[in-house]
Amino acid sequence: MLNHGSKALLGLAGVTMAFGLAACGSDESSDSGSSSSGDSGGSGKIALLLPESKTTRYESQDKPLFEAKVKELCSGCEVLYSNADQDASKQQQQAEAAITNGAKVLVLDPVDADSAGAIVKRAQESDIKVISYDRLIGGGSKPDFYISYDNAKVGELQATSLVEQLGGTDGVKGKQIVMINGAPTDSNAGLFKKGAHSVFDKSGVKIGKEYDTPDWSPDKAQDEMDQAITSLGKDKIDGVYAANDGTAGGAIAAMKAAGMDPTKVPSTGQDAELAGVQRVLAGEQGMTVYKAIKPEAGDAATLAVALVQGKEAPSGLVNGKQNNGTADIPAIIYQPQAVTKDNVKDTIVADGFWKVDELCTSAYADACKAAGIS
Ligand code: GAL
């Protein structure tokens with residue numbers, strides 16, 4: 001049974017961000033992300049403020065899924081969309097513009113989790129509700145809601161899979177890896193890293209080099225991997241922890257340029273980006289983490305529509321709370337799923353996240369066949 005769409009209850013009130021994401025229960029939510037459907041009438045403006053476009057999920061999944069759900073639930077509602085291209089001050093301006101244009105709800109995925117606190121405070125002064133989307137906004141603010149995946153779990157899944165691919169509990173001891181983490185300004189990146197370290201640090205694996213990657217930039221990840229190869233030696237690297245598929249792509253490009261064979265040096269990723277899943281099928285990337293964006297974007301839209309219509313959050317949607325350092329924020333959390341070439345078919349393909357003809361282009365035809373995808 002797939003669990004990516006299930007919502008996990010969060011820890012009790014008062015738990016810190018580091019410990020608050022332990023799942024202690026779940027319910028089966030439909031893949032559409034919410035049971036609500038049908039046009040509920042009404043109108044209003046909802047701003048969707050996403051952080052960047054180098055990671056493909058935002059433009060290819062989050063935006064269209066969110067817009068479609070808003071349209072389905074409230075044909076008179078309008079979505080004001082902006083992408084900040086990884087620039088926190090641009091995002092601030094985009095939020096200001098949305099407020100000036102009459103947005104009554106902000107669905108905000110912050111470039112910089114701390115500085116975005118100012119946007120939350122500014123919005124709430126004008127009675128505008130803020131949903132902290134995918135990343136938890138801090139900076140002394142109290143967003144009205146938070147919706148995301150269990151992000152520490154993402155790091156644990158990545159590290160557990162890499163350890164397995166390096167020979168498991170016994171085989172991994174003494175092997176050397178490079179860690180390429182995400183952007184230091186992204187609150188999730190710290191959780192991925194923490195979750196990964198919780199597995200690596202007790203495994204006996206050696207972390208030869210570790211980097212935080214500004215802006216999640218694949219190019220910067222490639223430079224980091226280049227440096228690691230120069231400093232450690234290309235024959236001395238057994239595996240690569242990359243925090244998402246974009247950075248994995250950069251690291252794999254660096255390995256290839258240095259004459260390393262990525263099919264022999266397992267790596268991790270996240271987001272089930274098309275290129276990432278294709279690399280997984282071809283054996284060039286050891287795994288990715290699949291977060292079905294549909295429930296996340298769909299539930300955010302359902303919540304935003306209720307709020308723009310002046311209603312309470314639909315019952316059953318919010319299932320926990322998460323402390324952001326200032327307050328417990330009512331939250332909706334989903335479970336991520338590890339994907340290797342063995343279960344691409346039963347997860348990503350079964351859900352229609354990517355269609356067979358998108359994945360199985362001629363270069364990947366053999367890999368698809370081997371994975372039973374046709
Ligand atoms: C994280 C997000 C990931 C990935 C990454 C890069 O906050 O949870 O899914 O998109 O940012 O932007």
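Residues are classed here as buried at under 20% relative accessible area, exposed at over 50%, and partly exposed in between (1.4 Å probe, protein chains only). The model is predicted, so local features need pLDDT of at least 70 and side-chain atom pairs count only at pLDDT 80 or more, whereas totals for chains, interfaces and linings use all residues. Numbering starts from 1 along each chain as its sequence is written, and side-chain values use heavy atoms, with hydrogens and water left out.

A salt bridge is taken as a side-chain nitrogen of Lys or Arg within 4 Å of a carboxyl oxygen of Asp or Glu. By this rule there are 13 salt bridges. One of them pairs Asp-186 with Arg-135 at 3.1 Å, N to O. Asp-186 lies in the loop between strand E8 (176–181) and helix H6 (187–200) and Arg-135 in the loop between strand E6 (129–133) and strand E7 (145–149), so the pair ties together parts that are 51 residues apart in sequence; helices (H or I, at least four residues) and strands (E, at least two) are DSSP runs, numbered from the N terminus. Both Asp-186 and Arg-135 are buried.

Lys-220 and Asp-215 also form a salt bridge, with their closest N and O atoms 3.4 Å apart. Lys-220 is partly exposed at 32% relative accessible area, and Asp-215 is likewise partly exposed, at 30%.

Glu-224 sits in helix H7 (residues 218–232).
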